[in-house]
Structures are given as structure tokens and as C-alpha cells.
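Subject: Structure handover

Hello,

Here is the structure I promised to pass on. Please open it first, then read the notes below it.

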Amino acid sequence: MPLTKGIDNKIVDYLYSAEKERREVEKISDQYPDLNLEEAYRIQEKLIQKREEDGCRRIGLKIGLTSKAKQEMMGVHEAIYGYLTDDMLALEWEPINFQEWIHPKAEPEIAFMIGEDLLGTNVTAEDVIRETKYVAPAIEIIDSRYVNFKFTLADVIADNCSSSKFVVGSKWVSPKTLNLEDIGMVMSKNGEIAQTSSGAAVLGHPAESVAWLVNKLGEAGKGIKKGDIILSGAISEAISFAPNDNILVQFDELGSVSFSCKSSN
Ligand code: 0L1
Ligand code: MG
């Protein structure tokens with residue numbers, strides 16, 4: 001049975017308060033097993049509107065489930081998307097308080113700074129490269145609001161794809177001079193290598209991932225805008241971290257990005 005407006009709002013309040021209170025909650029599909037993806041994106045949109053009512057501003061989007069391994073794990077064949085708001089942008093030089101999260105994980109990503117509006121349903125990776133002003137190294141910190149990071153596809157879409165924070169490195173480079181598919185990446189935690197991979201892990205090429213996003217949004221008459229930051233998807237598995245940990249992501253040619261985490265105690 002389709003969800004009613006009243007139920008949408010109830011779910012939005014449920015997820016929003018879980019995030020604000022840093023509290024994990026049972027997944028919504030336990031209560032609404034028929035929740036479909038269209039309904040889940042509608043709830044996500046309302047969740048972002050609620051953040052906007054509270055003073056946040058949309059500054060871009062993120063793409064999730066971009067690796068074949070993660071899609072297989074979830075039993076899906078498509079990526080997902082969520083919105084980035086200005087309060088999610090963290091600075092490399094300011095340690096983040098671990099108490100801001102429930103059970104965070106860090107993912108290495110390539111951020112795209114979009115130079116022109118992109119809209120349509122036949123957009124290609126070449127179009128994305130042409131309209132991207134810069135790419136930069138980034139770390140996304142995901143923090144599902146659900147118990148043990150366990151959810152269905154509809155659950156995670158409604159939860160804005162586990163979005164929480166992200167950090168963008170200071171070296172911004174034109175993508176026209178790079179081969180993003182072959183670009184190598186090493187992610188370390190406290191000086192120990194935790195993950196290695198390359199750009200091809202993101203749907204074959206990070207720009208393919210952004211093209212997927214534009215085409216997906218295009219089906220609903222939406223697109224991405226000049227000035228948007230797009231997190232193109234995790235290049236490797238996400239890693240957990242704890243207070244006082246330092247995460248460093250180093251890319252060939254693109255430079256590095258890091259963040260450290262403090263404990264308020
Ligand atoms: O950004 C991501 O790839 C994560 C998307 C949501 C799935 C998860 O929380 O692991
Ligand atoms: Mg991600």
C-alpha cells in the first residue's frame with residue numbers, strides 16, 4: 001500500500017531526530033516493508049527540505065553504491081544518490097568531534113566541482129569532464145542512522161544515503177589533464193595502510209558515475225548545477241575509525257586529503 005503524506009512526515013521526523021540525537025534506530029522497512037524506491041527518494045527530499053527549514057543549504061550531491069562489490073552485497077544493479085548540505089562540509093585542519101556521530105566510516109572519493117549546469121538523460125562521462133571545472137581528493141564520512149549499518153535499499157535512500165560529513169583537499173585540478181580511471185589511491189589510518197584502489201573502482205570511471213547521477217536526476221526533470229560539489233563514489237571499502245584516529249587519503253597526481261577525529265572527553 002502506498003505511503004500517505006502523514007506517514008512520510010512521521011518517517012522524516014524519525015530519521016531527523018535520530019541524526020540530531022546521534023542515536024541509531026530500527027530500519028524503517030521493519031515497519032513499512034512495502035516502501036518502494038520512489039517513496040524512499042520522496043522521503044529523502046522531505047528530509048533535506050527539513051534541513052533547509054533549519055537553515056542548511058544544498059551544496060551538491062553524493063553517489064553511493066558505486067562499486068560492483070557493494071552493489072552485489074546489496075543485491076542491486078544501480079547506484080543511489082543523496083544530497084550534500086553546507087553543514088556537512090568539514091575542514092581538513094579542524095579535528096571533528098567523534099560525538100557528532102553514531103558509528104562513522106570513512107570513504108576515499110574524488111569530488112567534482114561542476115562548472116556549468118548539466119541536465120538531461122543522455123549525458124556521457126565526456127560531457128561531465130567537459131563541464132567540470134576541477135576535481136579534488138575527498139573523504140566522505142558516512143554514518144547510517146540504522147542499527148549496525150544494516151538496511152534495505154529503500155531504507156538507505158530515505159536516510160539520505162548515510163550522508164554525514166565530507167572533507168575536500170586543497171589541491172584542485174582540471175580533470176581534462178588527468179586519467180581518472182587509472183588514478184591510484186592509498187587510504188591510511190594512523191600511518192598504517194588500510195585500503196588501496198584506483199579510480200576504475202567507481203563504476204569503471206568516476207565521471208561515468210557523475211553521468212549516471214545526471215541521467216537519473218534527468219528522469220525527474222532535475223539536474224546538477226554550476227557550483228555543485230559532487231562526491232562521485234567510494235573508491236574502496238569504507239573503514240571505521242575511533243576518537244583520536246587520523247585518516248589520510250593519497251591519490252596519484254591529485255594530492256592528498258586527511259582529517260582527524262577528537263574525543264570531547
Ligand atoms: O556513500 C556510499 O557509498 C554509502 C552509501 C550508503 C551505503 C552505506 O551506508 O554503506
Ligand atoms: Mg560515499
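A search of the whole structure, which is a predicted model, finds 9 aromatic pairs. Take Tyr81 and Tyr83. Their ring centres lie 6.3 Å apart and their planes meet at 85 degrees, so this pair is edge-to-face. Tyr81 is buried, at 7% relative accessibility. Tyr83 is buried too, with a relative accessible area of 9%.

Trp101 and Phe241 form another edge-to-face pair. Here the distance is 5.4 Å centre to centre, with 85 degrees between the planes. This pair links distant parts of the chain, 140 residues apart. Trp101 sits in the loop between strand S4 (96-97) and strand S5 (105-114). Phe241 sits in the loop between strand S13 (239-240) and strand S14 (246-251). Are these two residues, Trp101 and Phe241, buried or exposed? Both are buried. They also belong to a cluster: ring pairs link Phe98, Trp101, Phe241 and Phe259.

Next, the charges. The structure holds 17 salt bridges. One of them joins Arg51 to Glu19, with the closest N and O atoms 2.9 Å apart. This pair, too, links distant parts of the chain. Arg51 is in helix H2 (residues 37-53) and Glu19 is in helix H1 (residues 5-20), 32 residues apart. Arg51 and Glu19 are both buried.

Arg130 has two partners to look at. Its salt bridge with Asp127 brings the closest N and O atoms to 3.1 Å. Arg130 and Asp127 are 3 residues apart in helix H4 (residues 125-131), so about one helical turn separates them. The salt bridge of Arg130 with Glu131 has its closest N and O atoms 3.4 Å apart. Arg130 is partly exposed, with a relative accessible area of 48%. Asp127 counts as buried because its relative accessibility is 18%, and the cut-off is under 20%.

There is also a salt-bridge network. Shared partners join Asp8, Arg42 and Lys46 into one.

Last, the surface. Which residues form a negative patch there? Glu126, Glu181, Asp182 and Glu208 do. Glu208 is located in helix H6 (residues 206-218). Glu208 is partly exposed, with a relative accessible area of 39%.

Then go to Arg51 and Glu19 for a buried salt bridge. Finish at Glu208 in the negative surface patch.

Best wishes

Notes
Residues are numbered from 1 along each chain as its sequence is written. Chains are lettered from A and ligands numbered from 1 in the order in which they are written. This is a predicted model: local features need pLDDT of at least 70, side-chain atom pairs count only at pLDDT 80 or more; totals for chains, interfaces and linings use all residues. Side-chain values use heavy atoms; hydrogens and water are left out. Patches are made of residues with over 30% relative accessible area and no salt bridge: like charges are joined within 9 Å, nonpolar side chains (Val, Leu, Ile, Met, Phe, Trp, Tyr) within 5 Å. Accessible areas come from the Shrake-Rupley method with a 1.4 Å probe; for residues, only the protein chains shown count as cover. A salt bridge is a side-chain nitrogen of Lys or Arg within 4 Å of a carboxyl oxygen of Asp or Glu. Lys and Arg count as positive and Asp and Glu as negative; His and the chain ends are not counted. The place of a charge is taken as NZ of Lys, CZ of Arg, CG of Asp or CD of Glu. Helices (H or I, at least four residues) and strands (E, at least two) are DSSP runs, numbered from the N terminus. Buried means under 20% relative accessible area, exposed over 50%, partly exposed in between (1.4 Å probe, protein chains only). Rings of Phe, Tyr and Trp (its six-membered ring) pair if their centres lie within 6.5 Å; planes under 30 degrees apart count as stacked, over 60 as edge-to-face and the rest as tilted.
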